[in-house]
Amino acid sequence: MSTTSAKGPRSRMPNPLPFVPELAEVGAGLHKVIKNGTIPATTVSLVQLRAGQLLGSTYFVVRETRVLRELGESEERITSVVTWRDATCFTDAERVALELGEAVFTANPSGERVPDQLYTRASAHYDDKALWTLVMVIAHIGFFAPAALIAKPIPGMPPGRNYTD
């Protein structure tokens, strides 16, 4: 967890950009892909919220909850992401996106994480470009997961101000 001091919440590590400035370009590229318009912004944030829950990342959960509220999503839909399989408030396309993200971030002791049946269901809702975009939505969280879990950026703070320098 992030620590708290007399100055407020603190991350475990400082902002990575002074140490690995190339990260800004990588992050910008990923953001450009996931915002290319082929996947609704709501679906992007629903998938990333679920990934944050699975990873146990307060930073991701707080961030995506805030984004979903800014997009006008209801509290019912936001809080139902954790139990999306039983919730009735998601479209079929959102459900398969959530399932795909969950499959990637959850070990399957009986075999393949993303079986052909799941891929087939996803490709029924998303064309090739949208499916590749969805892959990058999931990859975005996977790429930044180590930073979120190890460095512990400050939840609720915008990028650039979410690390203690």
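Which residues form a nonpolar patch on the surface? In this predicted model, the patch is formed by Met-13, Leu-149 and Ile-150, which together have about 260 Å² of accessible area. Met-13 is placed in the loop between strand S2 (8-10) and helix H1 (22-34), and with a relative accessible area of 41% this residue is classed as partly exposed.

The interior was examined next. In soluble globular proteins, nonpolar side chains tend to be buried together. The largest nonpolar core of the model comprises 16 residues, of which Ile-39, Val-47, Leu-100, Tyr-126, Leu-131, Leu-134 and Val-137 touch the most other members. At least two residues of this core are supplied by each of four helices, namely H2 (41-55), H5 (92-105), H6 (116-125) and H7 (128-151). The greatest contribution to this core comes from H7, which gives five residues. Apart from this core lies another one, made up of 10 residues, including Leu-49, Leu-68, Phe-90 and Leu-98.

The surroundings of Val-137, one of the core residues named above, can be described through its contacts. When neighbours within four places in sequence are left aside, Val-137 is in contact with Ile-34, Val-44, Val-47 and Gln-48.

Side chains of opposite charge can pair when their charged atoms come close. Eight salt bridges are present in the structure. In one of them, the side chain of Glu-102 meets that of Arg-50, with a distance of 2.8 Å from N to O. Because Glu-102 belongs to helix H5 and Arg-50 to helix H2, this pair ties together parts that are 52 residues apart in sequence. Glu-102 is buried, at 11% relative accessibility, and Arg-50 is likewise buried, with a relative accessible area of 11%.

Glu-102 takes part in a further salt bridge, in which its side chain meets that of Arg-85 at 3.1 Å, N to O. Since Arg-85 lies in the loop between helix H4 (75-80) and H5, whereas Glu-102 lies in helix H5 itself, the pair ties together parts that are 17 residues apart in sequence. Arg-85 is partly exposed, with a relative accessibility of 47%, whereas Glu-102 counts as buried. Taken together, Arg-50, Arg-85 and Glu-102 are linked in a network of salt bridges.

Another salt bridge joins the side chains of Arg-69 and Glu-75, with an N to O distance of 2.7 Å. Arg-69 is partly exposed, at 45% relative accessibility, and Glu-75 is also partly exposed, at 41%.

Definitions and conventions: Residues numbered from 1 in each chain as written. Predicted model: local features only at pLDDT ≥ 70, side-chain atom pairs only at ≥ 80, totals over all residues. Heavy atoms only, no water. Core = buried A, V, L, I, M, F, W, Y, C linked by side-chain atoms within 4.5 Å. Buried < 20%, exposed > 50% of the residue type's maximum accessible area, 1.4 Å probe, protein only. Contact = heavy atoms within 4.5 Å. Salt bridge = Lys/Arg side-chain N within 4 Å of Asp/Glu carboxyl O. Patch = residues over 30% accessible without salt bridge, like charges linked within 9 Å, V, L, I, M, F, W, Y side chains within 5 Å. Areas by Shrake-Rupley, 256 points an atom, 1.4 Å probe, with all protein chains shown as cover.
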